[in-house]
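Visitor: I would like to go through the labels attached to this model and ask what each of them rests on.

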Amino acid sequence: MKIYKDIPSGYPLCLHSDCPMADSCLRQLAYRRYEELGTFLKLINPSKCSKQADCPHYVNNQPVRFAKGFVNFKKRMYPDQYDTFMTLLICHFPLKPICKL
């Protein structure tokens, strides 16, 4: 399993290091890393984070395993189908929001 250590540019960060979930929240862990290395930060509005278990911006740091199965999938598609399929995937799972469907 591949675990990414790089933080995508523009990833929203959380300032609340005193939150009880800070040690397992990707946004807080990314903030700690960016605090050392970064110059410019993209922050979530601190008043919109709740410091509770139901925080809407909490992202668990546990690795997620995705199903495999796209090997040679592209070979069975027509070029137009593949372009449409890739656009839908990129819009649905963006590293940074770029698509408007």
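Guide: What follows takes up a few such labels in turn, for a model that is predicted.

Visitor: What makes the contact between Lys-51 and Asp-18 a salt bridge?

Guide: The side chains of Lys-51 and Asp-18 meet at 2.9 Å, N to O, and since the rule asks for a Lys or Arg side-chain nitrogen within 4 Å of a carboxyl oxygen of Asp or Glu, the pair therefore qualifies. The two partners lie 33 residues apart, with Lys-51 in the loop between H1 and helix H2 (79-92) and Asp-18 in the segment before H1.

Visitor: Why is Asp-18 called exposed, and why is Lys-51 called partly exposed?

Guide: Asp-18 has 55% relative accessibility, and exposed means over 50%, so the label follows. Lys-51 has a relative accessible area of 29%, which falls between the 20% limit for buried and the 50% limit for exposed, and is therefore partly exposed.

Visitor: How many salt bridges does the rule give?

Guide: The count comes to two, and one of them joins the side chains of Asp-23 and Arg-32 at 3.2 Å, N to O, a value that is within the 4 Å cut-off.

Visitor: How do you know that Leu-15 can belong to a nonpolar surface patch?

Guide: Leu-15, in the segment before helix H1 (26-37), has a relative accessible area of 33%, and because patch residues need over 30%, Leu-15 passes that cut-off. Together with Leu-41 and Leu-43, Leu-15 makes a patch of about 220 Å².

Key
Residues are numbered from 1 along each chain as its sequence is written. This is a predicted model: local features need pLDDT of at least 70, side-chain atom pairs count only at pLDDT 80 or more; totals for chains, interfaces and linings use all residues. Side-chain values use heavy atoms; hydrogens and water are left out. Patches are made of residues with over 30% relative accessible area and no salt bridge: like charges are joined within 9 Å, nonpolar side chains (Val, Leu, Ile, Met, Phe, Trp, Tyr) within 5 Å. Accessible areas come from the Shrake-Rupley method with a 1.4 Å probe; for residues, only the protein chains shown count as cover. Helices (H or I, at least four residues) and strands (E, at least two) are DSSP runs, numbered from the N terminus. Buried means under 20% relative accessible area, exposed over 50%, partly exposed in between (1.4 Å probe, protein chains only).
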